[in-house]
Amino acid sequence: MHGRELAGEIFDLLGTSSDWRGLSLVPRDTLFGFAMILPAAAAFLASITLDRSGRRQVVWAMIIVVMISLLVGLIQFGSNGSALDIYNSRHRGSFLGFFANRNHQGLLMAIGGVFAVAAIKERFDSHRLTIALAALAAIVFFTAAVGTLSRAGIGLTMLGLCITLFAIFKHDKLKWPYVAAGGFAAALALYFVTFSSTTQTALDRFSQIEENGRLEIWQKSSPLIEQYLPWGAGLGSYTSVYPVIERLQDVNPLYFNRIHNDYLEVLIEFGVPGLILLLLFAALYLRRILEGLRSSVDIGVFALPAAVSIGLVALHSIVDYPLRTQSHAVLFAMSCGFLFSLHRKRPSSNKSFSQSPVWSDRTVRLKAIGLTGGALAITALVFLVFYQKEGPDVVERSGVNQFVSEGEAMSTAQLSAAMRALNRQPLDQSLLNAIFASEVKRGLDDTRRRAYISTLSKMGWRNTPTQQNLLYEAAQRNDLEAALNHIDALLRRDKLVEQIMPLLTQIEVDPAGTRIMVDWLAQDPIWRERYFRFAEPLADPEVLDARLRLLRYMSDQNISVSRVERQATFYALFAAGRRKAIADLARSELPTERKSQLLFDPGFDQWLGEPSETRWATAPQDWRLTNKSGLSTQIISEEWGSRLVLRWSGRGAPTIARTMTFLIKGQRPELEVALSAGSQLRGLESLRFTLACPGEREVLFVRKMAGSVGSPGMDRRSAYYQAEAGAPCDYPELLIGGSPQSGDRRSDLSIDSIKLTLP
């Protein structure tokens, strides 16, 4: 069948391709999904048989539950999530109530508000009291919806309350003073509410609609609709079929458990039949509403909020999956029962009627259906329990290792049980992988082994043991590109990072692997920075040579490498004494006119254009500053330039700043220090400038000429120094230190530049 080729491959591997089977690719999940519908079905059957008094009791009970959820949400919000955090949700601290998702709580506030207003209208006779209580309920539920920070919840609550209030009170004679007073009070409340940080956050979220990712989910999932037309993949199949089409570059630690659009998900799971059912329901819904508007039925006060609630759920289903949440499914079913059980009026009477309690009475028939449904529900649940016993957990219960390179194979009985389970749930990658691993250990011919590998490779990137086995197989074939695919899949999900990083360095050592690595890193995978910062293997000279080769290839292809990504390599070279390599890499970053300078950053411009969160990532050629008690140094970057600002108490003889130079051994340079103001020239007397190499005596710079302190002038802000001797080694470090003082002598200096030149 079209779109089920992968399942066909799996059945071929199992030798069951000729067997008859259902339309669902995930029968176990489909059966479980139908079992989860039973509470909603029970609510519908119960509500459809209720009289007006029974409906009133059910509605008030529902409002009480909603109010309890509101109070729980208020406690959660007030405690910033530290109290009554039921699910440890990522929305912790929001107005969640009994839900893990703020959007579901927002919809509950909308439905609760609609029914509360209608129930107040039905319960109280006093016109003024009814209006006051309805307005109060509307304000409470709308405020609660704002507290959830759910955009859909806020919008649906406002829409539902407006429709309900208008429909209920449109025939009442409202006095204009009361209307004006109510409008003024609402406007005043809205004005003060806007000062709340919560309200501001909620309003800000409306400006971030394009960033919520739903459109991306819809676009990535929509090919499944065409793939599984016309019958769909089966209820509950989305989490099994989406990984099959998921692109490697889209893999990350999070995953799509739902498409966040129930209409699209229905098309994926039920195909054309699902679309027909949706259209039939919409037609029946609109017909009932039109009948009520024409007064051909006794619409009743609770049918109105039911109709509004159904519409709200339908709208919310465009951006979420409310009907896959048990509480909303039950409320939706109850609303359908209230709306679709309208009684025809007698032509001669305004009262609704029912017949005697015989089989022809619809109530009797519905009660019989309810009893039958209950029996079927019990039967389905018992069947589900026994069905799950031979599900994919058969492998976990057996304790068999799922990796081809270690452990024992399954017993014959275990392998048969696993194959039976896979035959019923063909898209279970974990189960297929366990069978593959067991068959490899038992002995598998190359043709069948390649067939298993090909099928497993088509089932997505999210099963860790599968990716490990496929990585092992790729390594056995010396297929570096395939190996990188599986490594990439693991790292994108933060799996086995400590074990995988050394494998990447081994691939990088191979010259062919280096070029493949460049191609992968050019795609900017989410693990790229972590890989560059993994410094331990760089202590191996062979790995360090490979890293230099990789950086050179990336430079040749104009692939930028950030300061953070370069840091580990620079310090590995520095520790290995390979300063020439550092100088070559550093100079390659400089424009042509600056490649001859002897300092990488004479003007302290290293932070220009760098975000504050990466400024810690210094390299040997950068200025590395010391900050401790009595000593503060920082580079301040401004639009017109940068400068080194230091404040030293005068105690001790600290190293204040240091940087690697591009001097060659024996070269005797001169030093120019330019200050921000000539009046600071005297402060340079408290500093000493030296060239330092490991195991060598430092070379001191001696003051050659200084600006006049008495009459500095704008052209007299620099001090000049001459090295006492030549550089003691290649690429020595330039140190700025504090000279020992006879007493505390505070120094506050602002240095614009430090330049090294050769006479």
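Aspartate 494 sits in the loop between H21 and helix H22, which spans 497-509. This is a predicted model, so every residue I mention today comes from a prediction. Aspartate 494 has a positive phi of about 60°, although it is not a glycine. How exposed is aspartate 494? Its relative accessible area is 41%, so aspartate 494 counts as partly exposed.

A second residue with positive phi is asparagine 478. Its phi is near 60°, and asparagine 478 is a residue other than glycine. Where is asparagine 478? Asparagine 478 belongs to the loop between helix H20, residues 464-476, and helix H21, residues 480-492. With a relative accessible area of 59%, asparagine 478 is exposed, because exposed means over 50%.

Now the chain as a whole. It has 27 helices and ten strands. There are 759 residues, and 47% of them count as buried. On contacts, take those with a separation of 6 or more: residues 24 or more positions apart account for 73% of these.

H3 covers residues 52-78, and helix H5 covers residues 127-148. The axes of H3 and H5 come within 11 Å and cross at roughly 45°. H3 and H5 are therefore oblique to each other. Their crossing is left-handed. Which residues make the contact? From H3 they are Val66, Met67, Leu70 and Phe77, and from H5 they are Val140, Phe141, Ala144 and Gly147. By class, the contact of H3 with H5 has seven nonpolar residues, one polar and no charged.

H3 also meets H14, and here the axes come within 12 Å and cross at roughly 155°. Why are H3 and H14 called roughly antiparallel? The label applies to angles over 145 degrees, and the crossing of H3 and H14 is at roughly 155°, so H3 and H14 are roughly antiparallel to each other. H3 passes H14 in a left-handed crossing. On the H3 side, the contact is made by Arg55, Val58, Val59 and Met62. On the H14 side, Leu331, Met334, Gly337 and Phe338 take part. That contact of H3 with H14 divides into six nonpolar, one polar and one charged.

Helix H18 is residues 429-442, helix H19 is residues 446-457, and their axes come within 11 Å. The axes of H18 and H19 cross at roughly 160°. H18 and H19 are therefore roughly antiparallel to each other. The crossing of H18 and H19 is left-handed. In H18, the residues in contact are Gln429, Leu432, Asn433, Ile435, Phe436, Glu439 and Val440. They meet Arg448, Arg449, Tyr452, Ile453, Thr455 and Leu456 in H19. How many residues of each class are in the contact of H18 with H19? There are seven nonpolar, three polar and three charged residues.

Back to loops, with two buried residues. Threonine 325 is in the loop between helix H13, residues 300-316, and helix H14, residues 326-340. Is threonine 325 buried or exposed? Its relative accessible area is 14%, so threonine 325 is buried, given that buried means under 20%. Setting aside residues up to four places away in sequence, threonine 325 touches Phe99 and His104.

The other is glutamine 597, in the loop between helix H27, 579-588, and strand E1, 624-625. Glutamine 597 counts as buried because its relative accessibility is 18%. What lies 2.9 Å from a polar atom of the side chain of glutamine 597? The backbone oxygen of leucine 599 does. Leaving aside neighbours within four places in sequence, glutamine 597 is in contact with Arg587, Leu590, Pro602 and Phe662.

One last item is a peptide bond. Leucine 229 and proline 230 are joined by a cis peptide bond, with omega about 5°. Proline 230 lies in the loop between helix H10, 223-227, and helix H11, 238-245.

Terms used. Residues numbered from 1 in each chain as written. Predicted model: local features only at pLDDT ≥ 70, side-chain atom pairs only at ≥ 80, totals over all residues. Heavy atoms only, no water. Axes fitted to C-alpha atoms, helices over the stretch in contact; angles between N-to-C directions. Helix = DSSP H or I, 4+ residues; strand = E, 2+ residues; numbered from the N terminus. Parallel < 35°, antiparallel > 145°, perpendicular 65-115°, else oblique. Left-handed = near helix turned anticlockwise from the far one by under 90°. Contact = heavy atoms within 4.5 Å. Nonpolar A, V, L, I, M, F, W, Y, C, P; charged D, E, K, R; others polar. Buried < 20%, exposed > 50% of the residue type's maximum accessible area, 1.4 Å probe, protein only. Polar contact = N/O pair within 3.5 Å; in protein donor to acceptor, adjacent residues only side chain to side chain.
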